[in-house]
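Thanks for asking me to look this one over. Here are my notes, in the order in which I would go through them with the model open.

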Amino acid sequence: MKRKTPLFLTISLLLFLTVGCKPKTPTASPESQIQQAVNATLAAIPTSTRTIPPTPFPSPTPFSLVGLFCEYQFCIGHPVDVSFFDVSAQQNPASPSTYSQGLLAAFNGNLFIQVMWQIAPGAADPKFLFDTLLDDAIDTPTNNLDIFLTRNMNVVYDEITSIATPALPYGGAGAWTCGDRVFAWKVYTPQSGTARGMFDEALARFTCGQ
């Protein structure tokens, strides 16, 4: 009797074959890692049970970032009802995230978050990683970039819209420097106006080994 291949493994194999058709580069492409993570995780987010808001401009529902993820010599706040997993390790168990570089994701039916980082000694402008985390095919920034300094960290932030999934059309993205690394963060949400508060709270609870 033939054994059925689990759906998740089938999707992962298809994504692997798709990425394999792209031109090879000397190192793993962060863009391809991000795209694989989006495809694999957003596919699990339910969309059929969502209801239409009663008004065109619903009041934003706040997310409490009382959870705290600490690993790879940094900590960052996150909603307590989601947990980060190591996307790099999921894609290749032999090459998990490290201090030098990594990619995390967390999601449920109402939220999708990504965090990535890479070592960049002396980097003062984090926008290059902000641009890397955004996917031009599905993410549209407002191009109203907020640039500021907090706790000696250079920070950039912008609101975005996304077509990654109809359930989560809004969001925001930011990036910042800390020590010898640059970090980037992105969220998809069901309502407009919630992303900035989440970013500010996540960043307020952020620390890194310097």
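1. First, the ground rules. This is a predicted model, in which local features need pLDDT of at least 70 and side-chain atom pairs count only at pLDDT 80 or more, while totals for chains, interfaces and linings use all residues. Residues are numbered from 1 along each chain as its sequence is written, and side-chain values use heavy atoms, with hydrogens and water left out.

2. Overall make-up. The chain has five helices and 11 strands (DSSP runs numbered from the N terminus: helices are H or I with at least four residues, strands are E with at least two). Of its 210 residues, 40% are buried; buried means under 20% relative accessible area, exposed means over 50%, and partly exposed lies in between, with a 1.4 Å probe and protein chains only. The accessible surface comes to about 11600 Å², and carbon and sulfur atoms account for 59% of that (Shrake-Rupley method, 1.4 Å probe; for residues, only the protein chains shown count as cover).

3. Contacts along the chain. Among contacts with a separation of 6 or more, 55% are between residues 24 or more positions apart; a contact means heavy atoms within 4.5 Å.

4. Salt bridges. How many salt bridges does a search of the whole structure find? The search gives four, where a salt bridge is a side-chain nitrogen of Lys or Arg within 4 Å of a carboxyl oxygen of Asp or Glu. One of them pairs aspartate 131 with lysine 127, with 2.8 Å between the closest N and O atoms. These two residues sit about one helical turn from each other, because they are four residues apart in helix α4 (residues 127–133). Aspartate 131 is partly exposed at 39% relative accessible area, and lysine 127 is also partly exposed, at 30%.

5. Aspartate 146 forms a salt bridge with arginine 196, their closest N and O atoms being 3.0 Å apart. This pair links distant parts of the chain, since aspartate 146 belongs to strand β7 (residues 146–150) and arginine 196 to helix α5 (residues 195–204), 50 residues apart. Arginine 196 also bridges to aspartate 200, at 2.9 Å between the closest N and O atoms. Through shared partners, Asp146, Arg196 and Asp200 are joined into one network. Arginine 196 and aspartate 200 are four residues apart in helix α5, about one turn of the helix.

6. Which residues of α5 are buried? They are Ala195, Met198, Phe199, Ala202 and Leu203. Viewed down the axis of α5, the buried residues fall within an arc of 125°, so they line one face of the helix (the arc is that of the directions from the helix axis to the C-beta atoms). In general, an α-helix has 3.6 residues a turn, so residues three or four places apart point the same way. The buried residues of α5 pack against β2 (74–78), β5 (111–119), β7, β8, β9 (170–178) and β10 (181–189). Methionine 198 is buried at 2% relative accessibility.

7. Strand β7 runs antiparallel to strand β8 (residues 153–162), joined by five bridges; two strands pair if DSSP finds at least two bridges between them. Phenylalanine 148 has valine 155 in β8 as its bridge partner. Two residues separate the strands of this hairpin, and arginine 151 in the turn has a positive phi of about 50°.

8. Two further positive phi values. Most residues other than glycine have a negative phi. Tyrosine 72, though not a glycine, has a positive phi of about 55°; tyrosine 72 lies in the loop between β1 (67–71) and β2 and is buried at 17% relative accessibility. Asparagine 143, likewise not a glycine, has a positive phi of about 60°. Asparagine 143 sits in the loop between β6 (139–141) and β7, and asparagine 143 is exposed, at 68% relative accessibility.
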